[in-house]
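This briefing concerns the structure shown below. It covers secondary structure, surface and selected strands.

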2 protein chains.
Amino acid sequence: MVFPVPAPLRARSSSPADLVDAAVAGDPRAVARLISLVEDASPQLREIMTLLAPRAGRAQVIGLTGSPGVGKSTSTSALVGAFRARDLRVGVLAIDPSSPFSGGALLGDRVRMQQHATDPGVYIRSLASRGHLGGLSWATPQALRVLDAAGFDAVLVETVGVGQAEVDIASLADTTLVLLAPGMGDGIQAAKAGILEIADVFVVNKADRDGAEHTYRELKHMIALTGTVDGRWQPPVLKTVASRAEGVDEIVDAIADHRTWMAGRGVLDARRRRRAADEIEQIALTELRARMGDLRDATLLDSLAGEVVAGTVDPYTAADRVIAGMTGEGAIIG
Amino acid sequence: MVFPVPAPLRARSSSPADLVDAAVAGDPRAVARLISLVEDASPQLREIMTLLAPRAGRAQVIGLTGSPGVGKSTSTSALVGAFRARDLRVGVLAIDPSSPFSGGALLGDRVRMQQHATDPGVYIRSLASRGHLGGLSWATPQALRVLDAAGFDAVLVETVGVGQAEVDIASLADTTLVLLAPGMGDGIQAAKAGILEIADVFVVNKADRDGAEHTYRELKHMIALTGTVDGRWQPPVLKTVASRAEGVDEIVDAIADHRTWMAGRGVLDARRRRRAADEIEQIALTELRARMGDLRDATLLDSLAGEVVAGTVDPYTAADRVIAGMTGEGAIIG
């Protein structure tokens, strides 16, 4: 017979199961603690992810990217407001590639937080992008899963659109918003191939400024040039003035349209499967590299190296034994 | 009862065993064919390396690196002459990072070959450095093993001393020569930390030019600054005019001194073990990445991704299954 542990006791001990229960019940401190465990690559992650798995899969993941200065933070804040107006809970993960040790990230948090700080339906968190050069933090998919399981209807992942991060965000999100601003025409030309690949919705922010119409028409032209391919989503181009929340509601509509379009064609499921496959592969490679590192410290690799030097074993057979050793270890530990 | 296949038949079929036998017997075409199989990452490599293993381990591996313009090719050619004068067989692997598709490499070959083209005691081969950004080709350790097993007493590995290649060559060679030339004082300052780490012997080439004495003294000063650490090899600084073969015999003496010093302290064996460990690790990682790629094409990863999306499996457990799948496959194939 199992005696249930009283709730107060469970809460104090803060086991993974308690944290997950509390996060699912809407406790923002539990959400924060879980994401910190993700960031720290805690050994408890495995247990946490097992507990989260059956609870995740409902949130819509929205990527938001663009060059510095297009108004990403302001747009994120306005979008959060628009989602809240529809009574949807919103999580925000702001990936900050410029500040791997979170000084800038925390400042950004504070500025952005102000408007929504007292709203229990909003959770905003910065993730440092350490680990990947210019890419998203490897913690991002798992931080997403925490917010997803904690019942947020939408999770916005905001990142500066430079290099690898731009590609990563598209492979992570259900819908990717690419933000532009007037007077960045050269940028559009340069980024043409890249942003057309990844954008599900284009947003021309600062639409009250000179040149907004030019940027808008240039984007429309680019999209037309690629032609209307049957069965392919045509990214809409929206105009916003995020600082006054103008046009932001239309973004939420466009996101919903895109979701409906994807769901009707099996695209949503395909994107999520690809995202899960990426995540699995990333975890597997990280695990294999860690095991390889362990072997460096252990005796197996050194003794095999000795045999290769002596000529009693060839390096391929030695590599086979290393792989077998890695997996053997894993079977015992895991 | 086993019927031995007659020799002529074996030779014509060019099986790995025949090629290895022919290479060990001194056939340069067999050596060339084996290195090509290494470069092409042939599926026969595993069998070839098994056959080569007991035959390798005798050659002394000499790394030769330096900035463009210091006279690496001329020095290599002069060194080959000095080794031949002592009746030693010499293999040369010229790593050409600038020409991944061997156009330049072939030209370089021809120029260098001329002097030693008719000498059966010399084998010169260019390897493109494809695969590693700025580093040595991953084929290099295995090409080394071919030349080693084929009975070459010394193998010179020549590479441009830029970035990763410089570090790679030091981890590959028993003795690393760093070449400098007068008038590159700034280069010495910049590279200071790096070249002091890797050089076992310094060579100031073009010693008949202005500034050679300055470069020589600067090097001596640098070495003195690091202090005489007990039990550590003090790299000698030699002066050469490689184009006239002046001072080159002294390099061969210095290499021999270094070898004697290493052998007496167990350093030679330690270096070779570390080299073998690097090679095993490289093969294992390449193999694991290939298996991961196979999984992408197969159904396992996709079906696991589906389960993660459905929430029936967490990504860590999925990664475990991927790793198990990789090794299970490997056990059957390998």
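Helices (H or I, at least four residues) and strands (E, at least two) are DSSP runs, numbered from the N terminus. On that basis, chain A has 14 helices and seven strands. The model is predicted, so local features need pLDDT of at least 70 and side-chain atom pairs count only at pLDDT 80 or more, while totals for chains, interfaces and linings use all residues. Residues are numbered from 1 along each chain as its sequence is written, chains are lettered from A and ligands numbered from 1 in the order in which they are written, and side-chain values use heavy atoms, leaving out hydrogens and water.

**Chain A overall**
- Of the 334 residues in chain A, 50% are buried (under 20% relative accessible area with a 1.4 Å probe, protein chains only; exposed is over 50%, partly exposed in between).
- Taking contacts (heavy atoms within 4.5 Å) in chain A between residues at least 6 apart in sequence, 75% link residues at least 24 apart.

**Strands 1 and 4 of chain B**
- Strand 4 (residues 154–160) of chain B is largely enclosed by the rest of the structure, because six of its seven residues are buried.
- Strand 1 (residues 60–66) of chain B runs parallel to strand 4 of chain B, and seven bridges join them; pairing requires at least two DSSP bridges.
- Val61(B) lies opposite Val155(B) of strand 4.

**Thr175(B)**
- Thr175(B) belongs to strand 5 (residues 175–180) of chain B.
- Thr175(B) counts as buried because its relative accessibility is 0%.
- Beyond neighbours within four places in sequence, the contacts of Thr175(B) include Val61(B), Asp200(B), His258(B) and Arg271(B).
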